[in-house]
Amino acid sequence: MLDIQGLTVHYGGVQAVKGIGLQVRERELVCLIGCNGAGKTTTLKAIAGLQPFQATQALLDGQHDLSRMPAHARLKHGLALVPEGRGVFTRMSIEENLDLGAGIRTDKADIENDKEHWYTMFPRLKERRKQLAGTLSGGEQQMLAIARALMGRPRCLLLDEPSMGLAPIMVEKIFDVVRTIHQQGMTVLLVEQNAHIALQIADRAYVMDSGLIDIEGQAADLIHDPRIRQAYLGEQSTSV
Ligand code: ATP
């Protein structure tokens, strides 16, 4: 679904992403992990069209050139971003946020059906549907941000740090939802600092460091990789 080669992003004179390649196949859940400042969010923003970039190749579905596609056209082609910090409209109700997520869709009956579907997956949102989004807890806002993105009927979700600032119990709930959505057929590119939980739900992973992809592989293998365990999973080195 996504085929990115030689992706480079600059902030002024600083190169934050240094010519990386990554692929996401249909129905895969791929995670991009790494330390603070590694360039994960910048990579996701470039793919989402929120950050100018250069690339030798940036293809969606093997044919659409992301470097020439304006951000607003991404959803029409099936890409939806759930940004870091959630970006819900705090002075609007949950229901209004979800309606906005439906965007340019005009299929009113289907929109209502989709809303009910996502309310079933996120019962907390249903109970609070008339409440202002700004009154929700951080975890509930993250659920709303995901549900809002899903209202656009994307084929691929770009998820930026869904665990950020949440209590462990809420992180588990959010990741349960991401796993379920993926099992139902959604393609997911997940940026996450919490390598432990990301590797548990991902099919494949890329590890970023200082703007480069350091390591890549099957998530199930990387969980046991000593380099990952030491650098990202908090395991002490046994070497002397
Ligand atoms: P984190 O998990 O802390 O968000 P990250 O891996 O997502 O880290 P990025 O946010 O992509 O990292 O940042 C990569 C580099 O680009 C960092 O050195 C950061 O300081 C720099 N950077 C990010 N955004 C900007 C910006 N708007 N202007 C200038 N530099 C930026």
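This tour moves through the structure in steps, naming what to select and what is found there.

**Before starting**

The model is predicted, so local features require pLDDT of at least 70 and side-chain atom pairs count only at pLDDT 80 or more, while totals for chains, interfaces and linings use all residues. Residues are numbered from 1 along each chain as its sequence is written, and side-chain values use heavy atoms, with hydrogens and water left out.

**Stop 1: the ligand**

Select the ligand and the residues around it. The shell consists of 13 residues, the closest being Asn 36, Gly 37, Lys 40, Thr 41 and Thr 42; a residue is near a molecule if one of its heavy atoms lies within 4 Å of it. By type, the shell divides into 4 nonpolar, 6 polar and 3 charged residues. In this grouping, Ala, Val, Leu, Ile, Met, Phe, Trp, Tyr, Cys and Pro count as nonpolar, Asp, Glu, Lys and Arg as charged, and the others, Gly among them, as polar.

Next, select helix α1 (residues 40–48), which gives the most to this shell, with 3 residues. Helices (H or I, at least four residues) and strands (E, at least two) are DSSP runs, numbered from the N terminus.

A backbone N or O atom of Ala 38 lies 3.0 Å from an oxygen atom of the ligand. For a polar backbone atom of Gly 39, the distance to a ligand oxygen atom is 2.9 Å, and for one of Thr 41 it is 2.8 Å. On its own the ligand has 630 Å² of accessible area, of which the protein covers 59%; such areas come from the Shrake-Rupley method with a 1.4 Å probe, and for residues, only the protein chains shown count as cover.

**Stop 2: the sheet of four strands**

Select β2, β1, β4 and β5, which form an open sheet in that order with antiparallel pairing. β2 and β5 (64–65) stand at the edges, each with a single partner strand, so one side of each is left without a neighbour in the sheet. Two strands pair if DSSP finds at least two bridges between them.

Begin with β1 (residues 2–11) and β2 (residues 14–24), an antiparallel pair with 8 bridges. Here Tyr 11 is opposite Val 14 in β2. Their hairpin has 2 residues between the strands, and Gly 12 takes a positive phi near 60 degrees.

Continue to β4 (residues 57–60), which is antiparallel to β1 and joined to it by 4 bridges. Leu 2 faces Leu 60 of β4. Finally, β4 and β5 pair in the antiparallel sense over 2 bridges, where Leu 59 stands opposite Asp 65 in β5.

**Stop 3: a second hairpin**

Select β9 (residues 204–209) and β10 (residues 212–218), which pair in the antiparallel sense over 6 bridges. Asp 209 has Leu 212 in β10 as its bridge partner. With 2 residues between the strands, this hairpin has Ser 210 at a positive phi near 50 degrees.

Definitions and conventions. A polar contact is a pair of N or O atoms within 3.5 Å; within protein, one must be able to donate a hydrogen and the other to accept it, and residues adjacent in sequence count only if both atoms are side-chain atoms.
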